[in-house]
Amino acid sequence: MRLDLQAVLPERGIDVSLEIAAGETVALLGPNGAGKSTVVSLIAGLLQPAAGRAKLGSNVLFDVDRRVWLPPHRRGTALLAQEALLFPHLSAEENVAFGPRSAGTPRRAARTAARYWLDQADAGGFAARKPAELSGGQAQRVALARALAAEPSLLLLDEPMAALDVHAAPLLRRLLSRVLVGRSALIVTHDVLDALMLADRVLVMEGGQIVEGGPPAQVLRRPRSRFTASLAGLNLVEGIRRGDCFSAPGFEIECPPEASRDQFRDGSQWLAAFPPSSVLVSVVNPSGSAGPTRPTGQAGGRNVLKVTVTDLEPRGDRIRVGAGELAADISPAEAADLALRPGQEVLFTVDALALSLYPA
Amino acid sequence: MRLDLQAVLPERGIDVSLEIAAGETVALLGPNGAGKSTVVSLIAGLLQPAAGRAKLGSNVLFDVDRRVWLPPHRRGTALLAQEALLFPHLSAEENVAFGPRSAGTPRRAARTAARYWLDQADAGGFAARKPAELSGGQAQRVALARALAAEPSLLLLDEPMAALDVHAAPLLRRLLSRVLVGRSALIVTHDVLDALMLADRVLVMEGGQIVEGGPPAQVLRRPRSRFTASLAGLNLVEGIRRGDCFSAPGFEIECPPEASRDQFRDGSQWLAAFPPSSVLVSVVNPSGSAGPTRPTGQAGGRNVLKVTVTDLEPRGDRIRVGAGELAADISPAEAADLALRPGQEVLFTVDALALSLYPA
Amino acid sequence: MIQLPRWVLAAAGLGTVFLLLPLAAITAEVNWGQFIPLITSESSLAALSLSLRTATVSTLLCVLLGVPLALVLARLRFPGKRLVRALVLLPLVLPPVVGGIALLYTFGRQGLLGGVLDVLGIQIAFSTTAVVLAQTFVALPFLVLSVEGALRTAGTRYEAVAATLGAGPGTVLRRVTVPLVLPGLASGAVLSFARCLGEFGATLAFAGSLEGVTRTLPLEIYLQRETDADAAVALSLVLVAVAVVVVGLSYRSTSAGTPAVRQ
Amino acid sequence: MIQLPRWVLAAAGLGTVFLLLPLAAITAEVNWGQFIPLITSESSLAALSLSLRTATVSTLLCVLLGVPLALVLARLRFPGKRLVRALVLLPLVLPPVVGGIALLYTFGRQGLLGGVLDVLGIQIAFSTTAVVLAQTFVALPFLVLSVEGALRTAGTRYEAVAATLGAGPGTVLRRVTVPLVLPGLASGAVLSFARCLGEFGATLAFAGSLEGVTRTLPLEIYLQRETDADAAVALSLVLVAVAVVVVGLSYRSTSAGTPAVRQ
Amino acid sequence: AGNPPSSSGPEPAGEMMVFAAASLSGPFTDLAEEFEADHPGTTVRLNFAGSADLATQIQSGAPADVFASADGTNMDKVAGSGLAAGDPVPFAVNTLTIAVPPGNPAGITGFNDLGEPGRQVVMCAEQVPCGAAAARIEAATGTEITPVSEETSVTGVLGKVASGEADAGLVYVTDVLASAGSVEEVAFPEAAQAVNTYPIVRLTNARQPELADDFISFVHSGPGQDILRKAGFGAP
Ligand SMILES: Nc1ncnc2c1ncn2[C@@H]1O[C@H](COP(=O)(O)OP(=O)(O)OP(=O)(O)O)[C@@H](O)[C@H]1O
Ligand SMILES: Nc1ncnc2c1ncn2[C@@H]1O[C@H](COP(=O)(O)OP(=O)(O)OP(=O)(O)O)[C@@H](O)[C@H]1O
Ligand code: MOO
Ligand SMILES: [Mg+2]
Ligand SMILES: [Mg+2]
């Protein structure tokens, strides 16, 4: 069901407005303390806003002006947070049956529903176990089944994978990608993967406000903040349009072929995003000329940044060369050839074809 | 200082023996519940083993047979865990001065030492703040300064970055890579990056025992367990040497040129590891022939696995194609050409040059 | 593996000895030859039985009134809460005799509620009901303290989850809150029961002392002292034994239940 | 935003009224015209001053003995710990008169330690020392309970960290444990102080009732009842007021201190 | 308290401890004051409690010089333990009377009324002196009282009557006098049949034997007896 929310909570510096269409899964991203959990609590009815209103379907969740405030159990939202919080005195099955039982479903029917949702969550095998006998990943799957069994109009997920290990997390992610299809849901996450795999739309929160939003691919391909860029694994450079094309301090980029001319107006703020894998690294010769690591498609001094290497980190089968806020991924062989070390001055040459340029 | 540990703790299913050379940083990896934290606690003196002995330098930490057990404050180990656990009633500087003060350093000298270590940990700016006024990352840097100020013979780090966000973690990692040089340290981590960047040697724990060990690059390049392989981001296939080369169910690989013939004995268990980026994905034609995504260096039906796509996950600027335990990374354009979707049958062709083959 | 300084162990030993010596001393005073006849006299048994019955009813009342009070104190915010809590805990520190007098001025015939009760035809003073009221008055704070502590420890996270799953306040209380704080509730109830058993001053001042009706074991002990010190000591020991068993039970149930609530 | 069912609020209201009405009733009985003269008579002031002095010393003793006891109970494992805890908490549920008699049998001249104390020339019973012992005996469990609870809540993680930083047990206790449980310690001390102030039965039996030496405020109230009911009621109200202030303070300090220990 | 120890002159001086029954708290406070005025440099410390409590305390080694009991039984306990120096001497008697709430709402007129059904009568338990006295009157008059409470002390009876909880209670004449109007008295002639005698004695562990003897003499003297008379006590 459709959610419309507009809420202010000054104690936590929150002032948000967002909507979730019926059947839409929205990912809420943002740095620590941005207010993501607070938004979830406001929707679930665990916190009272100072001002604002919210509607879920035809249900008014709250409306501060009209002094309406629906208690959590009447909201039709179910919450799954970082910790499973399975009721420790109930078995997995009883935990899952809790929602149906609370809604008045008879014992037998609730039991059947619990079995069904446990199976849906690949947790049918632990029906009889107590939470203390479940691993973190198992408990979280049961908790998901419990949330789904309550048949919520809106499912709230607050970093459901954050406490799981590297094995359990993908399992739950796959499960979520199956059950979230066609479901109204809000998923808070620190992980860009979740946003891409699970969400129809992404919202980015910073300092209590929604600062960016859109389809996952677009937000991640054209990030507007350093936070989003670092999530998307992209380098982000702020600059202005100058002359023919984009220019930032010490960095000039020729326009990519597809950028239409009329988009550019002189002096306006623009952003350039490019993946670390599209950067060529070359050392600065004593003479000032550079020896690139591989032939570049672009000629001349453009698309070239002079930077200082700050750190080197292996990344799978590549080496990530960090230079302040920017990064380049090169092969171990190239790294060896360049004999890179932190503190060294190098040139980053950006492949213009991999460049996204868009107004800030 | 050198650590020699051998300890058994049946209640937690722990039976480990390990050593850390003087000045060596060892990374301890392993899945949840493997017993990593327990090992740290045994070394720090926060848990008593049922059997075994440990020596740090010339100090006997414990020796169950000889009924020796040194209390934690006499061991010369300092512990930094997931949570900073700064004493809430002391300022950052007083926290850092705690170790020197406990060792009997006069107030002024302890203060000077605290300032020094706070600066070392890039935390000099918060000296006067109370822990409640620090962010997670700041608190953890202060906690690191506090541990270092105690001048431990062995530094114990139990997932020091686990609770930090995507911005704070790299900062602390960089700091650690600076201070761990030449220091005896044991760092428990879930993150392969830590192992590669910080450790001289890696140990892998599973089920209370050390199951693998060696230089980080070797362990990660030639993983022996699925756990290590998934950490290293590698596909791991178990098979046997047959005929000329390696063979696993539905998968035959020609020997890479560098594999020396005499290493192969008929029928012995071998492992094959290869990065997802070395896999070509092609669709299975109705006629049974495959259209590869790009020309392959290898001809014929070898190096080819027929698999079913289980999931697709964007990974930075690539798409990861999951097929059960195996994965391939391809470009978004290739993925679009192949019109991949979960459940589809595809062929994985492995670039033989990227393949590591080694006895199990 | 936390170590404690030696002087702490010494001081703890001293404290234990200080608390235990008097018990040892009173045990040493017992005339063991006469012990069984002394504690099985008609009046002793009547007093013991009355004490056990009233303490049971009072404990039940404490649970019925105390759990809601604890819930309000632990879960709600309202102005004047600190004052309410201080007042609610007052009987804990009030000399019981003063408490008994205050009860007399409240529920007595000439008391604050005397008129109302008279109209309703209820006579409380000099009845077993008065004993129950006196015991409930002094024991209620024990229950409130224990349950409030357990509620704070358990936190509200499970309750919040239950509410989002559609459970109304009553369901949350019955199926989540109470099961979670059961160990604290049990230990609070047992402490209250013990306190009821030992109640003396308030009962004496409010309910009087009539065999089989209002003369509970502590009152019987007090009376026996006038004429038969041996009987008084023997009965005291019975009371001590019952209290030890009951407090011991309380801690058994607490520690057994602790794992249920993990922070 | 947790909601409570309505009947819980009703029951909590009933419980509060039940506990508060007696206080209202006793307040209503006060002869306000004579209030000031009654509570400022020489004997009243002597009793009040003695009560405040002895309660202060007793509370100090409670802290010195109780903190170590709480540490041992919260931090160490040893066989028989459950029994020790049950025994240590016994004075909480023991009728104070029985406690006083037990103290007399222990520290009296004919008591268990009488011989030893006699040789040392120490006379405890019927001295202000006896008042302090009686008060300490009944109030110690309050302190132990509060501090033990705070210790369990605080957990051992900070202590473990301090130990790995090289701090010996004494340093850990002084610089980490005590500061961390300070709120619980403060509230325990205040509760103990209030309990000491209200102590009656054990004092009467063990210390007697000598003006200026052992006749504390509750004993003075008891004695005044014989001759001047108005004075007794007025003094009771003074005691109630002191107790309310003290318990109120305890909760102020607890809540102010809570943020110090975050789980 | 800061006085020099005894025998600093011909007159005994110093501090003396008197253990007296709670019912004596009024007159003995006055007696002590007079005695201190007559014997400069002396302090009389008074310990008031139930006679049985006092007896137990003395038997446990309490540093008492003088014991004034409300009955013979508790005095005998002390004497029986060999703690009494010489024979206890009676110094006062007390008689029972009926105490009723102000205004006598139940209209009690005499002892026989107490036996009527429906009366809420409170008295002392037989184990305490006032209860023993009441039992003697019951036996003598043939009136059987069914009390709603058998209190452990006179104070308990007074409290129930003063608060209007009981219609009547049996207490001592002295208690009614001391209650300053919170209860009224209904005198009855049969009271004469159970007079309670108060004995006093010096104790063997007395630290101030001369002072103790002086005090006991003072209690027996004219001025001493006047004080007791004023409080409602009779001559032995
Ligand atoms: N229980 C609380 N009481 C008061 N303030 C709080 C509470 N919880 C969070 N805050 C504050 O509210 C703001 C938003 O916090 P919130 O927990 O919603 O952030 P978040 O985006 O969920 O962060 P994280 O990624 O760490 O979970 C922060 O400034 C935080 O300090
Ligand atoms: N306090 C405890 N009491 C009893 N058993 C415990 C305790 N802590 C851990 N264990 C058990 O000991 C085993 C090892 O746990 P340990 O915490 O050492 O694992 P770990 O490798 O550190 O895991 P993680 O990655 O989750 O931190 C597990 O089986 C666990 O259940
Ligand atoms: O001195 Mo009492 O009060 O008659 O026992
Ligand atoms: Mg959050
Ligand atoms: Mg761990």
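A residue is called buried when its relative accessible area is under 20%, exposed when it is over 50%, and partly exposed in between, with a 1.4 Å probe and the protein chains only. The model is predicted, so local features need pLDDT of at least 70 and side-chain atom pairs count only at pLDDT 80 or more, while totals for chains, interfaces and linings use all residues. Residues are numbered from 1 along each chain as its sequence is written, chains are lettered from A and ligands numbered from 1 in the order in which they are written, and side-chain values use heavy atoms, with hydrogens and water left out.

**Exercise 1. Determine whether Arg75(C) and Glu159(C) are buried or exposed, and locate their salt bridge.**

Step 1. A salt bridge is a side-chain nitrogen of Lys or Arg within 4 Å of a carboxyl oxygen of Asp or Glu. Between Arg75(C) and Glu159(C), the closest N and O atoms are 2.9 Å apart.

Step 2. Arg75(C) belongs to helix α3 (residues 42-75) of chain C and Glu159(C) to helix α8 (residues 157-164) of that chain, and the pair links parts 84 residues apart. Helices here are DSSP runs of H or I with at least four residues, numbered from the N terminus.

Step 3. Both Arg75(C) and Glu159(C) are buried.

**Exercise 2. Describe the salt bridge of Arg178(A) and Asp122(A).**

Step 1. The closest N and O atoms of Arg178(A) and Asp122(A) are 3.7 Å apart.

Step 2. Arg178(A) is partly exposed because its relative accessibility is 46%. Asp122(A) is also partly exposed, at 43%.

Step 3. In chain B, Asp122(B) forms a salt bridge with Arg178(B), with 3.7 Å between the closest N and O atoms. Over all chains, the count comes to 37 salt bridges.

**Exercise 3. Which residues surround ligand 1, and where do polar side-chain atoms approach it?**

Step 1. Counting residues with a heavy atom within 4 Å, the surroundings of ligand 1 include Arg12(A), Lys36(A), Ser37(A), Glu159(A) and His190(A).

Step 2. Polar contacts are pairs of N or O atoms within 3.5 Å. A polar side-chain atom of Arg12(A) is 3.3 Å from a nitrogen atom of ligand 1.

Step 3. An N or O atom in the side chain of Lys36(A) lies 2.8 Å from an oxygen atom of ligand 1. For Ser37(A), a polar side-chain atom is 2.6 Å from an oxygen atom of the ligand.

**Exercise 4. How many cavities of 30 Å³ or more does the structure hold, and what lines the largest cavity?**

Step 1. A cavity is a set of points on a 1 Å grid over the protein atoms alone where a 1.4 Å probe fits but cannot get out, and its lining residues have an atom within 4 Å of a point. The structure holds 17 such cavities of 30 Å³ or more.

Step 2. The largest cavity has a volume of about 260 Å³, where volume is the space filled by probe spheres set on the points. Its lining has 22 residues, and Ala22(E), Gly50(E), Ser51(E), Ser153(E) and Val154(E) are the closest to its centre.

Step 3. The largest share of this lining, 3 residues, comes from α2(E).

Conventions
On a 1 Å grid over the protein atoms alone, a cavity is a set of points where a 1.4 Å probe fits but cannot get out, and a pocket is an open set with protein on both sides within 12 Å along at least five of seven lines; lining residues have an atom within 4 Å of a point. Helices (H or I, at least four residues) and strands (E, at least two) are DSSP runs, numbered from the N terminus. A polar contact is a pair of N or O atoms within 3.5 Å; within protein, one must be able to donate a hydrogen and the other to accept it, and residues adjacent in sequence count only if both atoms are side-chain atoms.
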